[in-house]
Amino acid sequence: MNDMTNLMPTKISGISHPAIADMYLKTSFDQKAEYVLIVETNGGKDDVDPYILDLILDLETLKEQVRRKVGHFDRVDIR
């Protein structure tokens with residue numbers, strides 16, 4: 001699924017968590033080309049959401065689920 005020629009973000013469906021509003025995989029070309037898993041949370045910038053701690057604790061499991069579904073990614077950005 002990972003293809004460096006695909007510049008459009010790839011939405012990740014079928015994986016859910018109470019703190020996650022959306023997840024997608026994109027290619028970033030900041031210093032070098034790398035795949036970035038973007039995790040958008042349900043909370044606003046100033047909100048302290050009680051599910052965020054759960055998200056951090058569950059992050060390794062979620063990352064493995066995404067790897068099985070879409071393949072390799074280099075880093076995770078939580079927004």
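Hi everyone. In this chain, residues 24 or more positions apart make up 50% of the contacts with a separation of 6 or more, where contact means heavy atoms within 4.5 Å. This is a predicted model, in which local features need pLDDT of at least 70 and side-chain atom pairs count only at pLDDT 80 or more, while totals for chains, interfaces and linings use all residues. Residues are numbered from 1 along each chain as its sequence is written, and side-chain values use heavy atoms, with hydrogens and water left out.

Let's start with the layout. Helices (H or I, at least four residues) and strands (E, at least two) are DSSP runs, numbered from the N terminus. Of the 79 residues, 34% count as buried; that is under 20% relative accessible area, with exposed over 50% and partly exposed in between (1.4 Å probe, protein chains only).

Now to the helix. α1 has 21 residues and spans 28 Å from first C-alpha to last, close to the 30 Å expected at 1.5 Å a residue; the expected span is 1.5 Å times one less than the number of residues. α1 also bends by about 60 degrees at Asp-58, the bend being the angle between axes fitted to the seven residues ending there and the seven starting there. After α1 comes Gly-71, with a positive phi near 100 degrees.

Which residues of α1 are buried? They are Leu-55, Leu-59, Leu-62, Lys-63, Val-66 and Val-70. Their cover includes β2 (20–28), β3 (34–41) and β4 (75–78).

Lys-63 sits in α1 (residues 50–70) and is buried, because its relative accessible area is 16%. Leaving out residues up to four places away in sequence, Lys-63 touches Phe-73 and Val-76.

Finally, another lysine. Beyond its neighbours within four places in sequence, Lys-26 contacts Pro-9, Glu-34, Tyr-35, Val-36, Ile-38 and Arg-79. Its C-alpha is 7.0 Å from that of Leu-7, 19 residues apart along the chain.

Thanks, everyone!
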